Amino acid sequence: MNFHLDPSVTMTIETNRMRDADIKQTKHLALFAAAKRQKSGRQNKNMFFDNWFELIRILTIGVSAYVVLIFLLRVSGKRTLSKWNAFDFIVTIALGSTLATIVMSKDVSFVEGVVALGLLIGLQFIVTWLAVRVKWVKNLIKAEPTMLLNQGQFLPVAMRQQRVSESEIRAAIRGTGCASIEEIEAVVLETDGSMSVVKKSPNNSRSALQDVA
């Protein structure tokens, strides 16, 4: 048996369906707007302090990043640092980056930024304090100076390891005002990447070269 609905009834049903859809859409938009206002209010409320989990995350990531950065600098060699001290290099760059993040990023609260800055400075103090007092810590985080020229003779193995050419060594010698390599006792690549040129001593003393590898 076939039933045929009156056209007016069909139009009423379609109208009710469209109205229900509009009501649902309006409810969804209202819920979305309320959630957005709530999130915005929570962000304003947490401008100075977010939560303990974020502080722990900063401590964990900060320590890990510090260790990784030291490792990468040690692996890349002394020349990577140029005239920088390793720890000055790390702290200066990291503090600048952290300060920029605190100022520019809305996702980092003031307290989190202070904790991050304090963490970097604290790590710097602890590492340098241990390096002065514990020999194996010093050997672990600091490279030893390397001799590149000894008694007028270039040391090819050391030069290849440190990625230094003869022309660079000669330039360092010229910088001291010496015209002859034979006048030089040693050329040393220091831990900060600079080259020290040691002239021959009248009494053939080499006491300043005792800690050079």
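Is Glu166 buried, partly exposed or exposed, and what is its relative accessible area? I looked this up first. Glu166 is partly exposed, with a relative accessible area of 36%. The cut-offs I use: buried is under 20% relative accessible area, exposed is over 50%, and partly exposed is in between (1.4 Å probe, protein chains only).

**Ground rules**

I am working on a predicted model, where local features need pLDDT of at least 70, side-chain atom pairs count only at pLDDT 80 or more, and totals for chains, interfaces and linings use all residues. Residues are numbered from 1 along each chain as its sequence is written, and side-chain values use heavy atoms, with hydrogens and water left out.

**Entry: salt bridges**

I count a salt bridge when a side-chain nitrogen of Lys or Arg is within 4 Å of a carboxyl oxygen of Asp or Glu. The structure holds two.

Glu166 pairs with Arg170, and their closest N and O atoms are 3.2 Å apart. Both residues sit in helix α7 (residues 166-175), four residues apart, which means about one helical turn separates them. Arg170 is partly exposed at 35% relative accessibility.

The other pair is Glu185 with Arg206, the closest N and O atoms being 2.3 Å apart. Glu185 lies in strand β3 (residues 184-189) and Arg206 in the segment after β4 (195-199), so this pair ties together parts 21 residues apart in sequence. I checked the cover on both ends. Glu185 is buried at a relative accessible area of 10%, whereas Arg206 is partly exposed at 30%.

**Entry: overall layout**

I listed the elements next. Helices (H or I, at least four residues) and strands (E, at least two) are DSSP runs, numbered from the N terminus. The protein has seven helices and four strands. From the N terminus on, they run α-α-α-α-α-β-β-α-α-β-β.

Buried residues make up 26% of the 213 residues.

For contacts I take heavy atoms within 4.5 Å. Among contacts between residues at least 6 apart in sequence, 59% join residues at least 24 apart.

**Entry: the sheet**

Where do the strands go? Four strands form an open sheet in the order β2-β1-β3-β4, with antiparallel pairing. β2 (153-154) and β4 stand at the edges with a single partner strand each, so one side of each has no neighbour in the sheet. Two strands pair if DSSP finds at least two bridges between them. I find four bridges between β1 and β3. Met147 has Val188 in β3 as its bridge partner.

**Entry: cores**

I define a nonpolar core as a set of buried Ala, Val, Leu, Ile, Met, Phe, Trp, Tyr and Cys residues joined through side-chain atoms within 4.5 Å. The largest one has 15 residues, and Leu148, Leu149, Ile169, Ile173, Ile184 and Val187 touch the most other members. At least two residues of this core come from each of β1 (146-150), α6 (156-162), α7 and β3.

I noted a second, separate core of ten residues, which includes Tyr66, Ile70, Leu119 and Val137.

I then listed the contacts of Leu149, leaving aside neighbours within four places in sequence. Among them are Phe154, Ile169, Ile173, Ile181, Ile184 and Val187. Leu149 also touches Glu185, the residue paired with Arg206.

**Entry: helix α3**

Leu95 lies in helix α3 (residues 86-104). Leu95 is partly exposed, with a relative accessible area of 23%. Beyond four places in sequence, Leu95 touches Leu117, Leu120 and Ile121. Gly118 is 23 residues from Leu95 in sequence and 9.5 Å away in space, C-alpha to C-alpha.

**Entry: surface patch**

Val68, Phe71, Leu72 and Val75 make a nonpolar surface patch of about 400 Å². Patch residues have over 30% relative accessible area and no salt bridge; like charges are joined within 9 Å, nonpolar side chains (Val, Leu, Ile, Met, Phe, Trp, Tyr) within 5 Å. Leu72 lies in helix α2 (residues 52-76) and is partly exposed at 49%.

**Entry: backbone angles**

I flagged Gln151, which is not a glycine and has a positive phi of about 55°. Gln151 sits in the loop between β1 and β2 and is partly exposed at 47%. I also flagged Arg163, with a positive phi near 60°, in the loop between α6 and α7.

How values were computed
Accessible areas come from the Shrake-Rupley method with a 1.4 Å probe; for residues, only the protein chains shown count as cover.
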